Amino acid sequence: MRTKRFFRQAGGFALAALLVFSANAQAAACRNPNLDVVVLGSGGPELDDNRASVGYLVRENGRAAVLVDFGSGTSLNFERAGAKIEDLQAVLLSQFHVDHVNDFPALVKGAFFTRRNRDLPVYGPSGNHSVPALPQYLARLIGSKGAYAYLSGFLDGGESFRLKPVTVAADAAHPKVFAASEGGFRISAVPVTHSIIPALGWRVEKDGCAVVFSSGTSNMGRTLDKIAADADLLVAHNAIPEGSTDRVALKLHMMPSEIGRIAAAAHAKSVVLSHFMNRTENVMRETAAAIGSRYKGKLNFARDCDIYAVHSGEKIGSCLH
Ligand SMILES: [Zn+2]
């Protein structure tokens, strides 16, 4: 009898411990089913791949919230997604290669025809000897002496709202994690290695849900790992095939096995591959195998306009139809 009672009590303890444990696990879990990510572009710089260059839109309840990069062709998919510039809480730029930012001036000019009157924070990398820092980049584009000087009111205040540049240190030799919050979203960045180009990986979080964007990186120094933990969606760039021997490309991009390593180490719930190039387009089976040798979670190969739910990591639609 006494033994039975002991077991009943011990069982009670175990149950209580389990409840506490699952409450903690739940605290870390994604609690917002209304967040999704639209892939505005899933290609790289090539113009013969039938894909827009990279860009992503994090939305809540179908409304635009955080824009991450805005490469060539993404402005059209922004429209197709029904996104409104008025709704944007922040723009996060990962680097100043053309395929990541080419449509940015189009966003600024497009804003002229909207009712937006709230300043728009634009986060982007610091510069170095070969690439301008965010404020210089913006000044050279839309400053009073820039190529599109007629848009300078969006920097100096002559228009109905201003872009508010926030420069984030992007030296991968000093990979300090940056954090901020905008419109209820927690935003973090870490410098990532992209040859000599200053570049940032980004993490966007709300209600325990996290989306991590690798940007272009070789992940030398494994700095991306610092912001990847427990990502519900890890959007990783697949610009080189497994076994690549292209020394220039290897300094810029990571192989699929490295994507698998990060995803496994981070316990990512779902991986979405993007930034395909002709050299990765036709080897998706090999890519899946190289990633799968290290990571057993969900793996998706993005197409332009794909929409992924953050809490499930599943594709839930497309902005093409
Ligand atoms: Zn790129």
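Val212 makes contact (heavy atoms within 4.5 Å) with Trp202, Arg203, Leu224, Ile227, Ala228, Ala231, Leu233, Leu234 and Val235, when its neighbours within four places in sequence are left aside. The model is predicted: local features need pLDDT of at least 70, side-chain atom pairs count only at pLDDT 80 or more, and totals for chains, interfaces and linings use all residues. Residues are numbered from 1 along each chain as its sequence is written, and side-chain values use heavy atoms, with hydrogens and water left out.

- Val212 belongs to strand β10; helices (H or I, at least four residues) and strands (E, at least two) are DSSP runs, numbered from the N terminus.
- The relative accessible area of Val212 is 0%, so Val212 is buried; buried means under 20% relative accessible area, exposed over 50%, and partly exposed in between (1.4 Å probe, protein chains only).
- Leu234 is 22 residues from Val212 along the chain, and the C-alpha atoms of the two are separated by 4.8 Å.

**Zinc site**
- Asp99 (OD), His100 (NE2) and His275 (NE2) coordinate the zinc ion at 2.1 to 2.3 Å.
- Donors are N, O and S atoms within 2.8 Å of the metal (3.2 Å for Na, K and Ca); water is not among the atoms, so sites may look incomplete.
- The sequence spacing of the donor residues is D-H-x174-H.
- Both Asp99 and His100 are buried.

**Overall architecture**
- The protein contains 11 helices and 15 strands.
- Its radius of gyration is 21 Å, close to the 20 Å that the globule rule gives for 321 residues, so the protein is as compact as a globular protein of that length; the radius is taken over C-alpha atoms, and the rule is 2.2 Å times the number of residues to the power 0.38.
- Along the principal axes, the C-alpha atoms fill a box of roughly 90 × 50 × 45 Å.
- Of the 321 residues, 53% count as buried.
- Among contacts with a separation of 6 or more, 62% are accounted for by residues 24 or more positions apart.

**Surface and charge**
- The accessible surface comes to about 14600 Å², and 55% of this belongs to carbon and sulfur atoms; accessible areas come from the Shrake-Rupley method with a 1.4 Å probe, and for residues only the protein chains shown count as cover.
- There are 35 positive and 29 negative side chains, with the centres of the two sets 9 Å apart.
- Lys and Arg count as positive and Asp and Glu as negative, while His and the chain ends are not counted; the place of a charge is NZ of Lys, CZ of Arg, CG of Asp or CD of Glu.

- Asp69, in strand β3 (residues 63-70), has a positive phi near 65° although it is not glycine.
- Asp69 is buried, its relative accessible area being 2%.
- Arg222, also not a glycine, has a positive phi of about 50° and is placed in the loop between β10 (209-213) and α7 (225-228).
- Arg222 is partly exposed, with a relative accessible area of 48%.

- Arg261 is placed in helix α9 (residues 256-266) and is buried at a relative accessible area of 13%.
- Neighbours within four places aside, Arg261 is in contact with Asn219, Arg222, Asp225 and Arg294.
- Phe104 lies in helix α4 (residues 104-112) and is buried, with a relative accessible area of 1%.
- With neighbours within four places in sequence left aside, the contacts of Phe104 are Phe70, Val91, Val122, Tyr137, Leu138, Leu141 and Leu163.
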